[in-house]
Amino acid sequence: MSVICVIGTGYVGLVTGTCLADMGNQVTCVDIVAEKIEKLKKGILPIYEPGLEEMVHRNYQAGRLHFTTSYSEGLAASDFIFIAVNTPTGNGQGGADMRYVESAARSIAEELDHYAIIINKSTVPVGSGDVVSRVIHNNLKRSDITFAVVSNPEFLREGSALLDFQQPDRIVLGSSDPEAAYTVARLYMPLRAPIVTTDLYTAEMIKYASNAFLATKISFINEIAQICERLGADVKEVAVGMGYDKRIGHAFLNAGLGYGGSCFPKDVRALAHMADEAGLHPQLLHAVMEINHDQRRLVISKLTSILGSLRGTTIGVLGLAFKPNTDDMREAPAVDIIRWITSQGAHVRVYDPVASETGREALVREGVRLDSVTFCENAYSVAEQTDALVIVTEWNEFKSLNMQHVRSLMHRPVLIDGRNIYDGSEMHRLGFIYRAMGRGTGPAPTILPAGDSTALPALQPTLDLNIGD
Ligand code: UGA
């Protein structure tokens with residue numbers, strides 16, 4: 001059992017602290033926002049993450065998980081101190097804002113009275129581990145205290161963060177003090193994951209390169225989608241066909257409205273900024289960002305190509321969150337799409353299973369006039385009297401709607417499937433004018449079981465194309 005302090009109770013800090021407590025450690029989560037801590041003590045979480053609330057309750061009740069606003073309480077007897085504060089885009093050019101990391105480092109230095117390993121989980125520009133060391137060193141109250149800094153980037157996905165923590169593909173640990181990295185490795189040993197130990201700069205770069213690679217995969221398939229659409233191919237089937245090549249894989253080849261969220265947009269921008277600052281010209285990263293930005297605009301051009309002017313129309317929007325299983329609205333395509341639609345004089349009807357409240361706040365922040373937006377109780381209510389329906393977030397409940405009923409509720413049967421969740425031929429059969437992202441509307445593909453050519457005539461086209469979700 002180790003004694004652990006986690007600074008920051010956002011999505012990374014709370015998941016990390018709770019999962020470490022669940023592994024049997026004593027964990028204290030520190031946050032300077034008193035209201036957040038008070039709520040956490042009452043079991044009210046600041047974020048929606050499947051399974052997290054139950055795990056917080058269980059470990060809090062068991063006395064392994066504690067919440068406080070006091071650094072001295074949190075740091076007392078801690079062997080490991082995790083920094084998990086946010087690093088938003090800061091300087092207007094895409095660089096990461098290190099203010100919160102530096103302030104956490106200063107507060108640690110002011111209270112630290114014993115040797116501890118400080119582990120940075122926040123996504124920070126390459127070289128930041130040195131900054132953290134320097135800030136702590138310069139602010140230590142006692143000059144006899146020693147410490148080590150380890151970079152341990154997180155690879156948690158919102159919506160499946162508990163699983164990602166408990167069954168990681170790899171754990172990356174970077175430090176100029178190998179002994180400290182090995183000590184942290186022992187903490188993670190029960191997870192039985194491959195552990196990569198390296199230097200600080202490399203560990204920090206692994207995080208950016210991983211997110212940038214995944215974002216590149218998404219922009220790549222979105223560019224292919226546009227080419228498919230023009231040439232009459234179906235990008236969903238192209239992705240399936242490509243993905244069976246082990247060198248490519250199926251994951252992150254879902255074409256759609258592009259990536260959003262708190263990570264990919266910020267991290268690709270920050271990496272490009274670091275490269276620019278270093279005198280390089282990161283052409284690929286700039287192209288990835290440009291494609292991603294243009295992707296959400298396609299909704300508007302698809303709508304106007306069918307409806308002409310949007311003035312006076314009513315457009316239904318299904319989904320607000322940047323992806324399913326979260327209420328996170330950061331850089332969600334829905335915000336841009338609703339802003340553009342309403343700015344053209346249309347009214348929007350919208351529904352999201354969990355992000356209605358955070359969605360409303362995000363729209364207000366972005367200056368969308370709420371009298372142009374009706375928040376509905378369910379998907380069917382969204383469809384009522386609409387001139388078009390747009391699928392923005394691929395929540396499971398949207399995949400199994402009674403589309404015949406949806407069609408009967410609409411004023412005009414226009415369906416823009418921004419996440420490619422419906423079968424095009426079926427939608428045409430139901431009478432929709434159906435537009436997806438990079439897809440023709442031919443029959444679903446037939447995939448033979450490996451080696452079974454005799455099965456060919458009897459096979460039904462039943463392939464689930466959502467591989468790699
Ligand atoms: C991402 C990474 O997947 C995590 O490994 C990383 O730890 C995290 O960022 C982070 O840096 O903190 P997350 O932002 O939660 O996690 O979401 P993803 O599931 O990766 O999806 C990101 C975006 O890509 C979403 O907008 C999603 O709709 C989009 N996406 C994903 C696609 O458009 N197509 C795909 O095929 C996959």
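## Shell around the ligand

Helix 9 gives the most residues to the shell around the ligand, three of them. The model is predicted. In total, 20 residues surround the ligand. Glu154, Glu158, Lys207, Asn211 and Cys263 are the closest. By type, the shell holds nine nonpolar, four polar and seven charged residues.

Domain 1 (3–198) supplies residues to this shell, and domain 2 (199–469) does too, so the ligand lies between the two domains.

## Polar contacts and cover

An N or O atom in the side chain of Lys207 sits 2.5 Å from a ligand oxygen. Glu158 places a polar backbone atom 2.7 Å from an oxygen of the ligand. At Gly260, a polar backbone atom is 2.8 Å from a ligand oxygen.

On its own, the ligand has 710 Å² of accessible area, and the protein covers 93% of that. Two elements give two or more residues to the shell: helix 9 (200–231) and helix 11 (264–277).

## Thr68

Thr68 belongs to strand 3, which spans residues 65–68. Its relative accessible area is 5%, under the 20% cut-off, so Thr68 counts as buried. The side chain of Thr68 reaches the backbone nitrogen of Ser70 at 2.9 Å.

Conventions. Residues numbered from 1 in each chain as written. Predicted model: local features only at pLDDT ≥ 70, side-chain atom pairs only at ≥ 80, totals over all residues. Heavy atoms only, no water. Helix = DSSP H or I, 4+ residues; strand = E, 2+ residues; numbered from the N terminus. Buried < 20%, exposed > 50% of the residue type's maximum accessible area, 1.4 Å probe, protein only. Polar contact = N/O pair within 3.5 Å; in protein donor to acceptor, adjacent residues only side chain to side chain. Near = heavy atom within 4 Å. Areas by Shrake-Rupley, 256 points an atom, 1.4 Å probe, with all protein chains shown as cover. Nonpolar A, V, L, I, M, F, W, Y, C, P; charged D, E, K, R; others polar. Domains from an automatic or database assignment.
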